[in-house]
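Me: I have a structure open and want to learn how to read it. Can you take me through it feature by feature?

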Amino acid sequence: MTEAESPGAVTEFLTGLRRRGWQVEPARAESPELLSAAHEVAIPEGWRSVLERFSLLVDEDESRWFLSAADFAGSSDSAFAWNAFERLSLEAAVDDADRRRCTDFWREFLPIALGVEGSYEYLAISRVSGVVVHGAEPEFEEVTLLANDLPEFLTGVAEGSLGAGFFG
């Protein structure tokens, strides 16, 4: 864990979201077991340290939220699966090459937050490079870079300098 992924950095990230009106509920006792159950999801270690700190992280309209350990373990009551946008992309694929491009993209990028206000959008972290990106429909795999790594993302959200459109 880097200094920016430390408990203090995660606390500042959560505090920054609270200041923007987000609801934050602390992690439940079963979070470690849920993360173990989600081993096939291949959650990057740095993001696991964030997931260990909350059970619910949602904006005041409940139209944007961070996926929780329960979402990745398949035990949440969310109307959207953690990989819902990947499924939509695969359904819309027009040929094998398009399906391969879609599968390759989602193999690298793990969605960490979803939004459904207006259009479908998400934040994702690369399992390869650690960059954090924003994507939206109709082409979920066309993304905009938000942060070069998780520490930059956590700090930017905490300070309010990153992702104003998504976080409010």
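Reply: We will go through a core, a helix and some aromatic pairs. Keep in mind that this is a predicted model.

Me: Start with the core. Which residues have the most contacts inside the largest nonpolar core?

Reply: F13, W47, F66 and F153 have the most contacts there. The core itself has 51 residues. Its largest share, five residues, comes from strand β4, residues 109-115.

Me: Which residues is F13 in contact with, leaving aside neighbours within four places in sequence?

Reply: The partners are W47, V50, L57, F66, F153, L154, V157 and A158.

Me: Now a helix. How do I read its faces?

Reply: Begin with the general idea. An α-helix has 3.6 residues a turn, so residues three or four places apart point the same way. Now take α6, residues 96-108. At 1.5 Å a residue, its 13 residues should span 18 Å, and the end C-alpha atoms are 18 Å apart, which agrees.

Me: Which residues of α6 are buried?

Reply: D98, C102, F105 and W106. Seen down the helix axis, they fall within an arc of 90 degrees, so they line one face of α6. On the other side, R100 and R107 are exposed.

Me: What covers the buried residues of α6?

Reply: The cover includes α5 (84-92), β4, β5 (121-126) and β7 (143-147). Look at α5 in turn. Its buried residues are A84, F85, E86 and S89. Their cover includes α6, β4 and β5.

Me: What happens at the start of α6?

Reply: A side-chain oxygen of D95 reaches to within 3.2 Å of the backbone nitrogen of A97.

Me: And the aromatics? How many pairs does a search of the whole structure find?

Reply: The search finds 21 aromatic pairs. To read one, check the distance between ring centres, then the angle between planes. W22 and F66 are 5.8 Å apart centre to centre, with 55 degrees between the planes, and the pair is tilted. W22 lies in the loop between α1 (7-19) and β1 (23-26), and F66 in strand β3, so the pair ties together parts that are 44 residues apart in sequence.

Me: Is W22 buried or exposed?

Reply: W22 counts as buried, at 4% relative accessibility. F66 is also buried, at 2%.

Me: What kind of pair do F105 and W106 form?

Reply: An edge-to-face pair, with 4.9 Å centre to centre and 85 degrees between the planes. Both belong to one aromatic cluster, along with W65, F80, F85, F109, Y120, Y122 and F140.

Notes:
Residues numbered from 1 in each chain as written. Predicted model: local features only at pLDDT ≥ 70, side-chain atom pairs only at ≥ 80, totals over all residues. Heavy atoms only, no water. Core = buried A, V, L, I, M, F, W, Y, C linked by side-chain atoms within 4.5 Å. Buried < 20%, exposed > 50% of the residue type's maximum accessible area, 1.4 Å probe, protein only. Helix = DSSP H or I, 4+ residues; strand = E, 2+ residues; numbered from the N terminus. Contact = heavy atoms within 4.5 Å. Expected span 1.5 Å × (residues − 1). Arc of directions from axis to C-beta. Polar contact = N/O pair within 3.5 Å; in protein donor to acceptor, adjacent residues only side chain to side chain. Phe/Tyr/Trp six-rings, centres within 6.5 Å; stacked < 30°, edge-to-face > 60°.
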